[in-house]
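Subject: Structure handover

Hello,

Here is the structure I promised to pass on. Please open it beside this email and follow along.

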Amino acid sequence: MAKTSKIEENEENTKSFEDLIHEVHELGICGQCAGCVSFCSADQIGAIQMTKDGPPTYINKDNCLHCGICYLICPQTKALDPDLHEKYKYKPPIGNWRFISSAQATDHEIRAVATDGGVVTALLLYLLENNLIDGAIVTRHIDPFTREAFLATTKEDLIAAAGSKFDSQASTEHLGKYTTFVPVTSSLKRFIDADRINLAVVGVPCQINSIRKMQELKIVPSHVVKYVFGLFCYENFIFTEEKRKEMEKKFNFSFKDVIKMNIKDDVIFYLQNTEPLHIPFAEFEEFVRPACTACNDFSNVYSDISFGGLGSKDRFTTAIIRTPLGGEIYNKALAKGYIVEFREDNTPVMRSKMIAKVIGFAKEKIKRSEKTFAKLKRNE
């Protein structure tokens, strides 16, 4: 009987990209966060790559190291969840948190372009101007309906990335590919050989999940991420040009009139010369990215601070401070005047209402995720 080699033993006992294909891709729940491609050591020798409109794929299967990194860091796999839960003191349904607040940026330029209160941008500006980071990985519009991740190193960069403003006069080259999801994680790959760079990252739960798993495994380039800002995320949307036309017909509006988009208690389109259009999530289901229905994290449980509009009045940001580092950032930015809180918006009663809303949405997302996996199990 032939003796089993060390490589064969490793391939037999370690989850690999093949398992990721079977357990995630084939079920249609890959979020295309690009974590596996960006961080996988095999990617340096051309094993896997992102595809244009679907999950990652092998580019050269023979080059795969079968190290299991891609499998472990995927947001849809659960092998590292116990480690992260312990490290970040997770408590369902919204994770560990120190305090919650409603705040607003004091900078008029930031507030003018912000979707809510501009607090994320203001805190990043505090970190930049006080030399605590070399840059922040954020997203910006490249046309009316498409965003891309980039490294912001100045106030002007941050302002360009703020908010969700639509410019109907810009190029429409990517209209057929519109997605509200941007693979922020893939931007970190450029820092794989960096040693003395400190970055902040702003991302949705699946992206932050992948980064935290990489940090848990101490795999570069996650070492350059010093501050993690998470966004509330109930769902992201993706649709072809045909689907976009269906949306305009269904809700009786034109994307040409859209100024900006926001998500609070529902999906909100701010339109030119008319009242905002509010669309309940239930009516938006046909336009939701399938992977989002499998995600069970609404409030970004592994971030230093989570942000969103839910629970705050218009033009204000709800911030959930989770870690000691997050508390330090928030309090110092507040003391230095980068952000401001108003007493009437931060009474014990108001803060209780804010956290109750977040908990409510978190429970709904968990319930939706459970339904998705139950359906997938029935279809196996």
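Contact here means heavy atoms within 4.5 Å. Leaving out residues up to four places away in sequence, Asn 198 touches Leu 132, Ile 133, Asp 134, Gly 135, Val 224 and Lys 226. Take Leu 132 from that list. Asn 198 and Leu 132 are 66 residues apart in sequence, yet their C-alpha atoms are 7.3 Å apart in space. Asn 198 sits in the loop between H8 and E6. Its relative accessibility is 27%, so Asn 198 counts as partly exposed.

One caution before going on: this is a predicted model.

The whole chain

The chain has 380 residues, and 52% of them count as buried. Its secondary structure comes to twelve helices and 13 strands.

Helix H7 and its partner

Find H7, residues 119-129. This helix is mostly covered, with ten of its eleven residues buried. Among the buried ones are Val 119, Ala 122, Leu 123, Tyr 126 and Leu 127.

How does H7 pack against H11, residues 324-335? The angle is about 90 degrees, and the axes are 10 Å apart. Angles of 65 to 115 degrees count as roughly perpendicular, and H7 and H11 are therefore roughly perpendicular to each other. On the H7 side, Leu 123, Tyr 126 and Leu 127 make the contact. They meet Ile 329, Tyr 330, Lys 332 and Ala 333 in H11. By class, this contact has six nonpolar residues, one charged residue and no polar ones.

Just after H7 comes Asn 131, with a positive phi of about 55 degrees. Asn 131 is in the loop between H7 and strand E4, residues 135-143. Is Asn 131 buried or exposed? Exposed means over 50% relative accessible area. Asn 131 has 71%, so it is exposed.

Helix H9

Go to H9, residues 205-217.

Helix H2

In H2, residues 17-25, the buried residues are Phe 17, Leu 20, Val 24 and His 25. They cover an arc of only 75 degrees around the axis, which puts them on the same side of H2. Why can that happen? An α-helix has 3.6 residues a turn, so residues three or four places apart point the same way. The cover over the buried residues of H2 includes H3, H4, strand E1 (48-49) and strand E2 (57-58).

Ala 161

Ala 161 lies in helix H8, residues 155-161. Buried means under 20% relative accessible area. Ala 161 has 10%, so it is buried. Set aside its neighbours within four places in sequence. Ala 161 is then in contact with Val 138, Thr 139, Arg 140, Arg 147 and Phe 150.

Two loop details

His 66 is in the loop between E2 and H4. It has a positive phi of about 55 degrees, although it is not a glycine. His 66 has a relative accessible area of 18%, so it is buried.

Last, look at the peptide bond from Pro 92 to Pro 93. It is cis, with omega near 5 degrees. Pro 93 lies in the loop between H5 and strand E3, residues 99-105.

Best wishes

Note on methods: Residues numbered from 1 in each chain as written. Predicted model: local features only at pLDDT ≥ 70, side-chain atom pairs only at ≥ 80, totals over all residues. Heavy atoms only, no water. Axes fitted to C-alpha atoms, helices over the stretch in contact; angles between N-to-C directions. Helix = DSSP H or I, 4+ residues; strand = E, 2+ residues; numbered from the N terminus. Parallel < 35°, antiparallel > 145°, perpendicular 65-115°, else oblique. Nonpolar A, V, L, I, M, F, W, Y, C, P; charged D, E, K, R; others polar. Buried < 20%, exposed > 50% of the residue type's maximum accessible area, 1.4 Å probe, protein only. Expected span 1.5 Å × (residues − 1). Arc of directions from axis to C-beta.
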